[in-house]
Each structure stands twice: as C-alpha cells, then as structure tokens.
Amino acid sequence: MKVTELLVPESVKEVLLRSGIGELYPPQEEAVQAGALEGRNIVLASPTASGKTLIAELCSLKHVLEKNGKVVYLSPLRALANEKYDEFKKYTGIRKDDGKRLSVGISTGDFDSGDSWLGRYDIIVTTNEKADSLLRHRVKWMDGVSLVVADEVHLLNDGDRGPTLEVVLARLMQVNPSIQVLALSATIHNVDEIADWLNAKHVVTEWRPVSLKEGVLLHEEIQYKDGGARKIEKRTRETTINLVLNTIRTGGQALVFTSTRKSSVSLAKKIASHTGKVLSKPAKRGLMREAEKIMSAGERTHISDSLAALVESGTAFHHAGLAGAHRRLIENLFRQRKIKALTATPTLAFGVNLPARTVIIHDYRRWEPGYGNYPIKVLEYKQMAGRAGRPKYDKVGESVLIAKVADEADYLMQNYILARTERIWSRLAVEKIIRGHVLATIASDFAHTETGVYEFFGKTFYAYQYDVKAIKSLIAKILKYLYDEEMLELFGIDIYATRFGKRVSELYIDPLSGVEIREALRFKPKRLTELSLLHLIAHTPDMGPVMRPYSQEIDDLAILMEERKDELFVELPDEWDERVSYEGFLGEVKTALVLESWIEETSEEKLLERFRVQPGDLYRIIENAKWLLHATHEIGRLLGNKEVLPLAAELEERVAKGIKRELMPIVKLQGVGRVRGRIMFNAGFQTVEAIKHAPLDDLTNLPLIGPRLAKKIKEQVGGFVKKETWKKLEKDDEWKQKSLADY
Ligand SMILES: Nc1ncnc2c1ncn2[C@@H]1O[C@H](COP(=O)(O)OP(=O)(O)OP(=O)(O)O)[C@@H](O)[C@H]1O
Ligand SMILES: [Mg+2]
C-alpha cells in the first residue's frame, strides 16, 4: 500500500514522503486493514524493526487532525520516550483545523504534580509511571484522551513496570470507554490473550524489513539459523573481540551486550586497544574533540575519564552507572557512526534505533538475586538481537550468541534462536505493588465500595488471566491495612480516603512509606539534623533497593551508626537478633551518608571512591530523595509538624543541587550549579546583591564563567552591562565555546 493511498490528511502524507517513507511495510498495511485508522483497538505484534511506531504515528495524527482528539503515548523507558518524542516532532509543522500547529509534549518525571499544562499538547509522550500519577491526580484532560498507545506492551511481564502499565490501561478504559487502544508488542506467544483483554483485534506478523541473521559463534565459526556458516579470522584470543573487529573491518558497527557493568567496561577496554590502531588521523582528531565533550559534560570522575579515553579509540561502554548526559552523548556518537563498537548492559535492549549491523550477546546469563547466574528470557534475547539491522541504517543485520563449547552452541541454537518466546504473565498480584493502586482506586474516585474495587481490578490483565478471585483476598487484606492505618474511612458500605490517604496517593508513594514517615514524624529524635531526614527517607521502601555496604565498610558504618543514633528517627535493630535487617539498616545509613556528603559538596569522584556509588546511581538516589523529601514535607504539613517543615524544604533544594546551605541564594540563578556557585561564593560573590554590583570583568575572570554567561547572570539579578563593555568582550571569540548549562 502506498502512503498516497492512505486515508490520512495530505499534510501527513507530505511529511512522510519527505522523510523517505513512500510505501507501508506489510505489518503496517495489515494493521491499517484491521481498522487501526478507523478507531479499532489493535494489538500489533510484529518483529523488531518492522515499523510499529509508524502505525502509532498515523493513528495519532488521525485522532488529532480529524477527530479533534488527544493522544497519550506510553513508553516503558525514559530513553525510549525521548526517541519517540523526537520522531513525533517531525509533524509539528502541520496545522490543525483551528489554524494552530499540531503540538507534541513530553513528561517523564516529577510525580507529584497534576501538570495541567501538559493538556495543551495534542500528543503527549510519557512513561507508564507518569501517566499513572496523572490519573491519580484526576487531571481533567486525561478524561479527554481519545487514543492511548502502549509501546513494548510485552513488558506487562516485567515485575517492575508491568503492573503499572496494566493499571494505567485499565483506568484509561474506565474513564473513557470509547478510547482507542493501540498496543505494540514483540512477537509473543499469547498475543491473543492481551488482545482479548483489551477488547482488541490482533495483528501478528513475522515480517522484518531488514533480514536478521541469527547465529552462534563457537571458536572461529558462526553457525546460522538457516544452516549457513561463516569463518571469522582469529586476531585475538577472545572470540567476541574477533567478531567486533571483523564487523568494523567490513564497514559495520558492533553492539555487544554484556551482563554486568564491570564486564561492559573491561570488554570495551580490550576492544579499544585494537580499534585505536585502525582509525584514520582525521577520525582520531574528531574523536578527540568528542572525548573533550564527555570530560566537560558534568563532573569528571574516573568513569567519565575512562569513557573519554575509550571514545578516542572509537569504542565506548553504556550502562546505568553512567550519568544521563554521558549516556546520551554515547548514544549519539554511535548513531552518528563516530564510534564503531559499543558494549552495553540491557539498558539499550528495547525499542531504540541504532546503526548496529552486528549485535553480539556476550553473556546469555545474568545474575538474578536468589537464583544465581540465570539464563535470560527468549523474549529478552529477541529484543537485544533486534537492535541489529534497523532499516534507517543497515541493509542486513546479524545477531550472534557466543558459545565456549560445542554443547553450549547447541543449547543456544535450540533455546534461543529456534525457541519461541515465552508467554506473558501478569505480575500484578504482589502486595507491595498493588497496595498503592488499591488506595488510588478509592482516593481518586474510581470506586467507593469494596465491590467497586474488585470490579476495577476485575478489569486488569491479571484478572483476565487468573480470575479476580485470585487477588480478592490480597485486596481485602490491603483494604484492612489501609483502614487500620487511617488512610481509608467507612460510611456504611461506602469507602472514602482520609486526607492523609488522599495525599499519600497523590504523592505517588507506597502507602507503607507514608505510614513510616507519619509514624517517624510523631516522635522526635534527640537531635534533629540533616541526617535524621535523609535516613528516614532512605528507610522507606520507595528509596528502592537499598545500597549494599561493602564488607570493608561494615565495621565503619556500624561504629558511625552507633555514634549518631541520637539523630535517627528510626530505632536501630539488634545486630544479633535480626542479622538481615541489621545489614539492610546499614545499607540505609550508607544511602543517607551518601546524600549527606553530596550536600556537603563532595565531588562525584570522591563519592565514587568513598562509597563506590557510580554517577548514574547517585542521580537516581538524588531523584528519589527529592521526591521523598517533598513527600515528607507534605506529610509533615498535614501533621502540623512545624519543626520538620523548614528542614525538609531546605533539604529538598540542597539535595537537588548538591550544595551547602550558604550557596542556596546564588544557585537559584540560571547557569549556576554547584561547581560555579562554589567558585563565585569563594571569590566573594555570596549574595545576589554582590553579584548585581560586580563589574562584568570580575565575573569573567573566574574559571568556568565566560562573558556570555556572566551577562546572563547579571541580567537575572537586575544588573546592568554597559554597551561598550559588552562590545569589547564580544570580539573575543574563545569564550563562545563555554557552556551556559547549570554547572
Ligand atoms: N514504511 C516504511 N518505510 C521505510 N522506513 C520505515 C517504514 N516504517 C518504518 N520505517 C523505519 O523503520 C525503523 C524501525 O521502526 P520502529 O522503530 O517503528 O520499529 P519497531 O517495530 O517499533 O521495532 P522494535 O520492536 O525494535 O521497537 C525506523 O527507523 C522507521 O523510520
Ligand atoms: Mg518500537
């Protein structure tokens, strides 16, 4: 089917033709024939790279341009949300009937806000969690969403993200029964079940635009699925590296999946020692500039230094321990074909479009707590493999598993390459997960009786697969817990949320966290310090998996905890009676100490050295801490706890920036983060007033502050820059390189 024959507005066709899309791929055509553009619910299950996003784009445009509708695009991961947002932006030149341009928005963070401004956009790209929180706030515009796209819907099977996704879909269908649901999925075993649950038609195909050759590499030979084979020249003792070098030598790029961060780094180092030798001089010069960008994006640590050194050799690694800015730089360098080999943990396994002609699955086993080294799922293997051979970038793709012995090669061929993907199972019925959803069902007025709550959960995928009776007793137990903890109150058979219950639900915290914070705030530690609150939030389940103290740290932590126990809201567990919770507690104390050091302006490198906390993890802790400090502040407000309020508010700000109290006034300025703030403060510019009166030259003489930034700072404080001064400075070109970002 040609794009010109589609029943979509001409303006849409023009954009598509301009971006080189003239004809639909077969799976896209099938989806259109199944009624995707006529508002039917569809589950589109087709292989990686088969162009599922385009169907989502067409349906979205149809809704916005022809039905005056509104679209929510759900992505399970932030990185993927960013990519999809960029893809939708190509349509923003199109005008709607009312003459206004079509608009696309994105929101992935900050859970405690109704974000009514988001409602101004026609298409909203968001994560499952953000959508869930918007629904909890009963944001008005959510009721008007006419199309919801659920990307990577097979992640219903994921213990972390799946439950939220199914609750969001069930709620959207409840608030707007006529909503169109479009779910995009990898090819899975039980698509029919998902389709049936969503009252959708399913379209299943095996078609892929670029052929993907799947194989197993044993010693020097790849055996392919179709019986073919290929020899790889032996240049090193490591087969993975030989295949990477072979790929690069024949003009391709390689993406290597490893199971741990550590192995992604060590493997990248080994690869770089070879790739560095084959680069041309101009390529090397270009890469040196890129390496400098990495060093100047955010604070330097030995991780960013080693990343930069590898980039100079055309290789890099990518894992969740990297700061977000570094991850994005690496993704872009690989996209621009500047780096040739990239090692990655599963952070890049889903949905993304990258020019990887060869994907290598270096380890097919991963460490699972409680199970040891465990083989990954077929579904995950298929997703990783599917990053190879993307139509925008390559004409063929190849994905290769690495085997050490012949038996293993057979095993991999049978159990991954020739295997069917697993069934998807709902993961909803876990108390910790469902607790917040039960509360939200009542607090956000989705139901006000016990039967109403069961009815709602009766619409989830879980109930579809197992029957709602299977979770009834769990829900009943949770309702009792919420009632006992004064989050719910009863009026006859009607159930309502108390003020506390409603606030906990809106704050998007686990009810258990809400209770822990409330109970803690009822008492007062002997000494209320920063550590008191930092430890309290680290103690809540919402801080996420607790940091494990290293064995060398345990004694020091235990001593320190004993010394500072007067500051804690929570009582210490007994070391001998409760061994497990004692270690967990030490982990919480460690998290609190990391945060305390962060707001003492300890550098990221020092934190890495002292606590072994990598930047990516540090920023996740910071994100969570900001949110939980805000929650603590709000619960403190409800309880009328005047002492905690100012401390929580101040900490929220300091944790966000990583600063001592004295920097608070000046980091409010745009372009001034903790590093520049400290430089300015130490140079005597300690208040907004002082900055206002400072000559521009005094500011530009400071390290990391160029005239452009100095001018921006002056303008923010209401200072005045003379025309002549500015002209004189403008001539000097060098400073133009300096970034204006907060630093
Ligand atoms: N009809 C088409 N003609 C040419 N290129 C297309 C067409 N449809 C999609 N593409 C391109 O194919 C690439 C892959 O598409 P997309 O990311 O939607 O795949 P996907 O099916 O979602 O894969 P995954 O399961 O890995 O997420 C994109 O670069 C897209 O621009
Ligand atoms: Mg996709």
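## Conventions and model

Two strands are said to pair if DSSP finds at least two bridges between them, and the strands themselves (E, at least two residues), like the helices (H or I, at least four residues), are DSSP runs numbered from the N terminus. The model is predicted, with local features requiring a pLDDT of at least 70 and side-chain atom pairs counting only at pLDDT 80 or more, while totals for chains, interfaces and linings use all residues; side-chain values use heavy atoms, without hydrogens and water. Residues are numbered from 1 along each chain as its sequence is written, and chains are lettered from A and ligands numbered from 1 in the order in which they are written.

Strand β8 (residues 211-218) runs antiparallel to strand β9 (residues 221-224), the two being joined by four bridges, and in β9 the bridge partner of Val216 is Gln223. These two strands form a hairpin with two residues between them, where His219 in the turn has a positive phi of about 55 degrees.

Strand β9 also pairs with β10, again in the antiparallel sense, over three bridges, with Lys231 in β10 as the bridge partner of Glu221. Four residues lie between the strands of this hairpin, and Gly227 there takes a positive phi near 95 degrees.

Thr236 sits in the loop between β10 (229-231) and α8 (239-249), and with a relative accessible area of 12% it is buried. A polar atom of its side chain lies 3.1 Å from the backbone nitrogen of Glu238; this is a polar contact, that is, a pair of N or O atoms within 3.5 Å, where within protein one must be able to donate a hydrogen and the other to accept it, and residues adjacent in sequence count only if both atoms are side-chain atoms. Once neighbours within four places in sequence are left aside, Thr236 is in contact (heavy atoms within 4.5 Å) with Ile241, Asn242, Leu245 and His274.

## Parallel strands

Five of the five residues of strand β4 (residues 123-127) are buried, so this strand is largely enclosed by the rest of the structure. Ile123, Val125 and Thr127 point one way from β4, and Ile124 and Thr126 point the other way. Strand β2 (residues 71-75) pairs with β4 in the parallel sense over five bridges, with Ser75 opposite Thr127, while strand β3 (residues 104-107) is joined to β4, also in parallel, by four bridges, with Val104 opposite Ile123.

In strand β12 (residues 315-318), Thr315 and Phe317 point one way and Ala316 and His318 the other, and all are buried. Strand β12 runs parallel to strand β13 (residues 341-344), joined to it by four bridges, and Ala344 in β13 is the bridge partner of His318.

## Surroundings of ligand 1

There are 21 residues around ligand 1, counted where a heavy atom lies within 4 Å of it, and those that come nearest are Glu23, Ala49, Lys52, Thr53 and Arg390. An oxygen atom of the ligand is 2.8 Å from a polar side-chain atom of Arg390, an oxygen atom is 3.0 Å from an N or O atom in the side chain of Asn353, and an oxygen atom is 3.2 Å from a backbone N or O atom of Ser50. Taken alone, ligand 1 exposes 640 Å², of which the protein buries 88%; such areas come from the Shrake-Rupley method with a 1.4 Å probe.

## Nonpolar cores

A nonpolar core is a set of buried Ala, Val, Leu, Ile, Met, Phe, Trp, Tyr and Cys residues joined through side-chain atoms within 4.5 Å. The largest has 75 residues, and those with the most contacts inside it are Ile434, Val438, Phe457, Ile475, Leu533, Leu534 and Leu595. Apart from this core lies another, of 52 residues, among them Ala268, Phe334, Ile339 and Val352.

## Positive phi in two loops

Asp467, in the loop between α17 (461-466) and α18 (469-484), has a positive phi of about 90 degrees although it is not a glycine, and at 35% relative accessibility it counts as partly exposed. Arg612, in the loop between α24 (604-611) and α25 (615-639), likewise is not a glycine but has a positive phi of about 55 degrees, and its relative accessibility of 43% makes it partly exposed.

Notes. Buried means under 20% relative accessible area, exposed over 50%, partly exposed in between (1.4 Å probe, protein chains only).
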